[in-house]
Structure formats: structure tokens, C-alpha cells
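Hi,

Here is the structure I said I would pass on to you. Have a look at it first, and then read on for my notes.

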Amino acid sequence: MTSTTAATPPRATKKRPRGRPAHDAAAGYDSLLKAGLQAFARHGFEAASVRGIAREAGVDPALVMHHFGSKEELWITIVDQIAARAQPMLDAMTQLRTSSLSERQRVEQAVSLLVDRVFAEPEMGTFFSTAAVERGERFNVLVDKLLRPHRNAFVPLLSDAIQARVLKKNDPDVLCLMLTSAISRTVSYSHMLATFSSLPRDMAAFRKEVFRTALTMLN
């Protein structure tokens, strides 16, 4: 006797549309920015790989291309993100110039703002230190989006204080760069300091000492 039961048709395999990453695209954007910042800070642009950044972010490497188009565009997006986060500090520095504080007090308040920003996101200092060796278009991006805005907010305060003779006569651009570099590197590389000092294990005390030491550089 022949069975009349119909054969079960094979289950259709659902194919993923070509060109779309397997991982949910929206979920990986912030993870890639965070992983990219860490990779560029540690290794620099050339040595950081798209595959390594994606692996650190826990996403498909195709998401880098999906969101940013290239490794360089990811780098530029990270610079834009750093600039956006620094903008409130720069606005506050700019407003200090017309405040009722003395010229010396304005500089001290600007230094305090800078110290707070560096302690809030110490990896930014590491990124900048590594990115500072860039040349060509990436260096221009770094100058236009990070270095120049910071310089334009801080140097006028230093110049005013020098002209008022409440700071020693120094080149304000040199002083700006030395202060900024010293603060950011000290905080970003606090693990090195921790080899000799217990301060990095107490963030409040460490922040207070960095601020106090920065002010002594102005004397």
C-alpha cells in the first residue's frame, strides 16, 4: 500500500541581505568609538587595525565600514567626540576673561577646569599624546578641532595675567602647551607614578596634588 502522507517540504533557509553586518548595527556604534579611542591611544593610527578594534568592541569588523566607511573616518569621528566633550570646558574658559575675578584667579580657575576634564577622561590625554606624532591631514584635523580651540581659550588668559604682571614674563603659547601636556600626561600615565607613589590610588588627593603642582609651574 502506498502512503498518502505528503512529504514535508524542506525548511527554507533565511538568508541575510548582502552588504548588511550580521550584528545589530546600532548596537555597535558606541562600542566601536570606545574601542577605537583605546586602540588609537595605545598603538597610534597606523598600528591600530580595524579587525582589532572590532574584536575589542565585540562586533563584526564589517560594522566599522558600515558606520564610518574607513579607519580614518573612525579616527576623525573620535576626534570630533573628544572636541564635543571638551567644549563646555572651553566655553567656561572663554567666559572667564570677562569675569569679575582677577587675572591670576582666572588662570587658576582655567587650570582647575583643565584638571577636572583630564581626570574625567584620562584616556583623552593618552590619545592626544599618541596622535600628536601624526603628519599630513590627520595632524591638521587634530590642530583645527582640538589644539587650536584649546589654545584660543587658554592663551588669552595667560597673556592677560602676564601683562598684569601677576605671572612671570613667559611666552604664553609655550606656557599653555607645557601646562596642558604636563597635566594630561601625569594623569594619563598615572600607572607609572603608582610605581613610586600611593597618590593615584586616591583620586581626590591625586587631583588636588596635580592642581597644586600645576599652579607652582605658574610662579
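At roughly what angle do the axes of helix H4 and helix H5 cross? Before I get to that, please keep in mind that this is a predicted model.

**H4 and H5**

The crossing angle is roughly 175°, and the two axes come within 9 Å of each other. Helix H4 covers residues 71–96 and helix H5 covers residues 103–120. Angles over 145 degrees count as roughly antiparallel, so that is the word for how H4 and H5 run relative to each other.

If you want to see where the two helices touch, colour these residues. On the H4 side they are Arg85, Ala86, Met89, Ala92, Met93 and Leu96. On the H5 side they are Arg106, Gln109, Ala110, Leu113, Leu114 and Arg117. Sorted by type, the residues of this contact come out as eight nonpolar, one polar and three charged.

**Salt bridges**

Side chains of opposite charge can pair when their charged atoms come close. In this model the count of salt bridges comes to eleven. Here are some to look up.

Start with Glu121 and Arg85, whose closest N and O atoms are 2.4 Å apart. Is Glu121 buried or exposed? Its relative accessible area is 11%, so Glu121 is buried. Arg85, at 35%, is partly exposed.

Glu121 turns up again in a salt bridge with Arg117, and there the closest N and O atoms are 2.9 Å apart. You have already met both arginines: Arg85 and Arg117 are among the residues where H4 meets H5.

Another salt bridge joins Glu108 and Arg104, with 2.8 Å between the closest N and O atoms. Why are these two separated by about one helical turn? Because they are four residues apart in helix H5. Glu108 counts as partly exposed, at 25% relative accessibility, whereas Arg104, at 18%, counts as buried. Elsewhere, salt bridges with shared partners join Glu46, Glu72 and Arg138 into one network.

**Aromatic pairs**

How many aromatic pairs are there? The count is four. One of them is Trp75 with Phe127, a tilted pair with 6.1 Å from centre to centre and 40° between the planes. Trp75 belongs to helix H4 and Phe127 to helix H6, so this pair also links distant parts of the chain, 52 residues apart. Trp75 and Phe127 are both buried.

Phe119 and Phe206 make up another pair, this time edge-to-face, at 5.3 Å centre to centre and with 75° between the planes. Here the link runs from helix H5, which holds Phe119, to helix H10 (residues 203–216), which holds Phe206, and the two are 87 residues apart. Phe119 counts as buried at 17% relative accessibility, and Phe206 is buried as well, with a relative accessible area of 2%.

Which residues of helix H2 (residues 50–57) are buried? They are Gly52, Ile53, Ala54 and Ala57. Gly58 follows H2, and its phi is positive, near 75°.

Arg165 has a positive phi too, near 65°, and Arg165 is a residue other than glycine. You will find Arg165 in the loop between helix H7 (137–163) and helix H8 (172–188). With 77% relative accessibility, Arg165 counts as exposed.

Ala194 is in the loop between helix H9 (190–193) and H10. Its relative accessible area is 27%, so Ala194 is partly exposed. Setting aside neighbours within four places in sequence, Ala194 is in contact with Pro200 and Arg201.

That's it from me. Happy browsing!

Definitions and conventions:
Residues are numbered from 1 along each chain as its sequence is written. This is a predicted model: local features need pLDDT of at least 70, side-chain atom pairs count only at pLDDT 80 or more; totals for chains, interfaces and linings use all residues. Side-chain values use heavy atoms; hydrogens and water are left out. Axes are lines fitted to C-alpha atoms, for helices over the stretch in contact, and angles run from 0 to 180 degrees between N-to-C directions. Angles under 35 degrees count as roughly parallel, over 145 as roughly antiparallel, 65 to 115 as roughly perpendicular and the rest as oblique. Contact means heavy atoms within 4.5 Å. Ala, Val, Leu, Ile, Met, Phe, Trp, Tyr, Cys and Pro count as nonpolar, Asp, Glu, Lys and Arg as charged, and the others, Gly among them, as polar. A salt bridge is a side-chain nitrogen of Lys or Arg within 4 Å of a carboxyl oxygen of Asp or Glu. Buried means under 20% relative accessible area, exposed over 50%, partly exposed in between (1.4 Å probe, protein chains only). Rings of Phe, Tyr and Trp (its six-membered ring) pair if their centres lie within 6.5 Å; planes under 30 degrees apart count as stacked, over 60 as edge-to-face and the rest as tilted.
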